[in-house]
Amino acid sequence: MKNIFGYKYEKLENELIKIGEKKFRTRQVYEWIYLHKQYSFDKMTNLSKTSIQKLKNNFTIDFIKINKIEESSDTIKFLFELNDGNLIETVLMKHNYGNSLCVSSQVGCNMGCSFCASGLLKKVRNLDAHEIVQQILLAEDYLNERIDSVVIMGIGEPFDNYDNVLDFIRIINHPYGLAIGARHITISTCGIIPKIKEFIKEDIQVNLAISLHAPNDTLRSSIMKINDVYKINDLVNTLKEYINKTNRRVTIEYVMLRYINDSSKEAAELAKLLKGMNVYINLIPYNEVDSSGYKKSKKEQTLKFYDYLKKAGLNVTIRREFGENIDAACGQLRAKEVEK
Ligand code: SF4
């Protein structure tokens with residue numbers, strides 16, 4: 001039996017029709033679980049006893065569990081335990097414009113980026129859509145506030161779990177689901193080109209972010225294994241195709257690693273690479289991971305890098321730092337718990 005939170009609207013409609021229910025039952029069930037947050041079939045009072053029994057016979061409604069929470073003034077980090085005992089992380093960031101939640105899409109990650117704590121532990125399995133949806137529901141419940149925006153940038157490579165992640169997006173974006181606007185949802189990939197091409201064809205307005213982190217193949221391959229498969233020029237050409245076809249801006253994530261990718265030479269190469277493209281560059285202060293050996297760039301260096309790009313006419317910001325004191329680097333909390 002599959003968890004009810006794993007069904008996008010149309011899929012649930014089909015399933016309900018298969019078990020002899022009317023189409024409109026889908027809206028009722030969606031409203032119970034996503035609007036009224038009623039997580040027991042028995043308490044869905046506008047459904048007949050027979051319908052409730054059918055739901056119970058065909059779907060589960062159980063939740064992942066909170067294993068641990070770490071909190072600072074602007075960040076809450078959740079360690080969730082899945083029903084098979086695996087652990088994942090979710091990070092909530094409080095901005096002045098609302099609450100943003102960074103969700104995980106896999107248990108571990110096989111992409112092996114050398115600066116990343118999530119990649120230290122290999123992929124165990126993909127998350128089902130319900131396990132991604134429930135990260136939001138439990139965070140909202142804990143905070144007693146609505147999550148305004150969602151980034152799929154936690155543990156895992158979302159395009160390595162394409163179907164479940166796309167179902168997740170459709171569920172949270174649906175007006176009877178969590179009704180989170182597509183423009184408030186960002187999917188972040190390390191650059192799996194065939195999946196970006198597939199994503200171009202999806203009729204959905206969510207934001208696309210690319211973890212670029214280096215402006216040339218030699219450097220990028222030395223910190224991100226994926227670059228051995230999909231080279232920078234091919235990636236940039238695919239992004240141009242995305243921008244042309246969707247008319248949407250792409251976010252370029254660039255983590256600032258001291259003496260690795262933060263010199264003026266790299267700033268110049270990056271400016272040249274992205275010149276004229278509708279992109280927005282996000283310079284990310286690195287959250288140091290004990291075992292990786294990388295250091296965070298010095299503040300002056302980050303500012304210099306920023307200035308260079310700005311002067312070259314690119315849209316660029318430096319990401320505000322969150323939760324340094326609570327192992328906020330994605331995957332750190334989980335890595336520590338699994339080690340124990
Ligand atoms: S940065 Fe993202 S893609 Fe790379 S290893 Fe970490 S989780 Fe995986």
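## A tour from the sheet to the helices

Start at F78, which stands opposite T90 in strand 5. The model on screen is predicted.

Select strand 4 and strand 5. The two run antiparallel, joined by 7 bridges. Now step into the loop between strand 4 (75-81) and strand 5 (87-95), where G85 is found. Is G85 buried or exposed? G85 counts as exposed, because it has 7 C-beta neighbours inside 10 Å. Draw a distance from the C-alpha of G85 to that of G177: the model gives 27 Å, for residues 92 apart along the chain.

**Helix 4.** Select residues 129-143 for helix 4. This helix has 15 residues. From first C-alpha to last it reaches 22 Å, close to the 21 Å expected at 1.5 Å a residue. Colour its buried residues: A129, H130, E131, I132, V133, Q134, Q135, I136, L137 and A139. What covers them includes strand 1 (2-3), strand 4, strand 5, strand 6 (98-103), strand 9 and helix 5.

**Helix 5.** Go on to residues 162-173, the 12 residues of helix 5. The end C-alpha atoms are 16 Å apart, which agrees with the 16 Å that helix 5 should span at 1.5 Å a residue. Buried here are Y162, V165, L166, F168, I169, I171, I172 and N173. Their cover includes helix 4, strand 9 (149-152), strand 10 (185-189) and helix 6 (193-201).

**Helix 6 and helix 8.** Finish by showing helix 6 with helix 8 (residues 232-246). How do two packed helices get described? By the angle between their axes and the distance between the axes. Here the axes come within 10 Å and cross at roughly 5°. Helix 6 is therefore roughly parallel to helix 8. On the helix 6 side, select I193, I196, K197 and I200. They meet D234, L235, T238, E241, Y242, K245 and T246 in helix 8. The residues of this contact divide into 5 nonpolar, 2 polar and 4 charged.

Notes: Residues numbered from 1 in each chain as written. Predicted model: local features only at pLDDT ≥ 70, side-chain atom pairs only at ≥ 80, totals over all residues. Helix = DSSP H or I, 4+ residues; strand = E, 2+ residues; numbered from the N terminus. Expected span 1.5 Å × (residues − 1). Buried ≥ 20, exposed ≤ 12 C-beta atoms within 10 Å, placed from the backbone. Contact = placed C-beta atoms within 7 Å. Axes fitted to C-alpha atoms, helices over the stretch in contact; angles between N-to-C directions. Parallel < 35°, antiparallel > 145°, perpendicular 65-115°, else oblique. Nonpolar A, V, L, I, M, F, W, Y, C, P; charged D, E, K, R; others polar. Pairing = 2+ DSSP bridges.
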